[in-house]
Amino acid sequence: MNIFNPPKTNYSGYEDIGKFNMLWIVSLILVPIFVVLLFIHIVFGDPSWITSLFAMLVGIGNLIVLRHYRKYKLIGFLSIVFGIAICQSVIFIVQDSHLISDVMWCILVAFFTFFLFGSISGTIVLLFNLSGLVIYLLNASSNEVLAKGVEIENVDYKMVINVFYVALALAFVIHQMIQNNIRVNRLYQVETEKNEVLVQEIHHRVKNNLQIISSLLKLQASEDKNLDLQDQFGEAIGRINSMALIHEKLYQKNNLSHIDLRSYLIDLSNEISRSINPLIKVEIDIETSIRRLDIDTIVPVSLIFNELITNSIKHGFVGRKSGVISIKIVNLEGLIEMTYTDDGAWVSPIDSAGFGTELIETFATQLNGSFELDTNNGASYHFKFKH
């Protein structure tokens, strides 16, 4: 796992995902920064080592909690509180800290707040940090201020007015940047939603067109008295219907790039059972650690299962009122292992080299995988392919 890749969250909005990722990256980068600062402070006997140690521990704590709970708001709030505490303690307690760097850390915490919680919270944190700085300058002696690396002859209320004026101007500029970013994100989201609706409509139309083709093939098959030809038409119609079911699942879901595997296989088996022999009750038992498959994978996988389920119902469950199909799909170190088993008593040879077997081999090859067939008890297929 690449630690620089933030963990996946349950957030669906782009803004929340961006904030979570930003908090992860910031916490990740600050940890080595404060490790180096801690080492430097200890080597030179700088009392600031305490605040560096505390800041480092906050960063480590952030990463642990973010990894475990996958939420950013509480962690972001606590990080800001700790950041304010560190900034103010350095200003008031650590006598020989550099005032310019203290100011920069104060502004950095404020920027962090602006991004996570918006303009109002960011402005409050910015004013609070700068208020602490002004209070210190108004009450500290010249020697104390000089010890922090700043030469100043007179601190008066004019300086206070200037500091707050600049702070408000900075808050306004940041607010405008945030609002502009929000407007851009909204436009992007609207455009994305339009595209999703368009893609859903495309899937809907493709599904309808496939159903039209299926209906035409049924009409063509009904006009021919050749039973073998009708059977071949039926198999072709089944394959078309399995493809149509994919597009139906896609336009019914918000996620247009993945399909719920369990739901699809159950619907597919029911559809095949109704079309071939509705008198047979097919029980399908699915055990899978994979919830979804992308569109490039689900197409060959669906056609494989279409052939397998069709063969089980037509040849394995002949003369029976029910049958059991077991499917197990697991993800093992980048390989998907897929096992298909039925409890049928096969009438015709299961391993005969027919067109259905050729299709299964073709689709397995398309998945850059392979399969094995066991004919001892019913039909048992074992597939392996890369995911």
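Predicted model: local features only at pLDDT ≥ 70, side-chain atom pairs only at ≥ 80, totals over all residues.
Beyond its sequence neighbours up to four places away, Ser-79 touches Val-58, Asn-62 and Phe-112.

The overall make-up comes next. The protein has 11 helices and 7 strands. It contains 387 residues, and buried residues make up 38% of them. Contacts between residues at least 6 apart in sequence were also examined. Of these, 68% join residues at least 24 apart.

The largest nonpolar core has 39 residues. Within this core, Leu-23, Leu-66 and Tyr-72 touch the most other members. Six helices each supply at least two of its residues: helix 1 (14-43), helix 2 (49-69), helix 3 (73-92), helix 4 (99-117), helix 5 (119-139) and helix 7 (157-222). Helix 1 gives the largest share, 8 residues. The contacts of Tyr-72 show one part of this core in detail. With residues up to four places away in sequence left out, Tyr-72 touches Tyr-11, Asp-16, Lys-19, Phe-20, Leu-23, Leu-66 and Leu-116. Another core, of 38 residues, lies apart from the largest one. Its members include Ile-286, Leu-303, Ala-364 and Leu-367.

Not counting residues up to four places away in sequence, Asn-129 touches Ile-84, Cys-87, Gln-88, Cys-106 and Val-109.

Helix 1, helix 2, helix 3 and helix 4 are the elements that give two or more residues to the lining. By class, the lining has 17 nonpolar, 12 polar and 3 charged residues.

The structure holds 1 cavity of 30 Å³ or more. About 40 Å³ of space lies in the largest cavity. Its lining is formed by Gly-238, Asn-241, Ser-242, Leu-268, Glu-271, Ile-272, Ser-275 and Asn-306. Helix 8 (227-252) and helix 9 (261-276) are the elements that give two or more residues to this lining. The largest share, 4 residues, comes from helix 9. By class, the cavity lining has 2 nonpolar, 5 polar and 1 charged residues.

Helix 8 also contains Ile-246. At 1% relative accessibility, Ile-246 counts as buried. Which residues does Ile-246 contact, leaving aside its neighbours within four places in sequence? They are Ile-259, Tyr-264, Ile-295, Ile-298, Val-299 and Ser-302. The pair formed with Val-299 spans 53 residues in sequence. In space, Ile-246 and Val-299 are 7.6 Å apart, C-alpha to C-alpha.

Arg-70 has a phi near 60 degrees, a positive value in a residue other than glycine. Arg-70 lies in the loop between helix 2 and helix 3. At 28% relative accessibility, Arg-70 counts as partly exposed. Asn-368 has a positive phi too, of about 55 degrees, although Asn-368 is not a glycine. Asn-368 is found in the loop between helix 11 (355-366) and strand 6 (370-374). Is Asn-368 buried or exposed? Its relative accessibility is 64%, so Asn-368 counts as exposed.

Key. Residues numbered from 1 in each chain as written. Heavy atoms only, no water. 1 Å grid on protein atoms, 1.4 Å probe; cavity = no way out; pocket = protein on both sides within 12 Å on 5 of 7 lines; lining within 4 Å. Points joined across faces, edges and corners; volume = space filled by probe spheres on them. Nonpolar A, V, L, I, M, F, W, Y, C, P; charged D, E, K, R; others polar. Core = buried A, V, L, I, M, F, W, Y, C linked by side-chain atoms within 4.5 Å. Buried < 20%, exposed > 50% of the residue type's maximum accessible area, 1.4 Å probe, protein only. Contact = heavy atoms within 4.5 Å.
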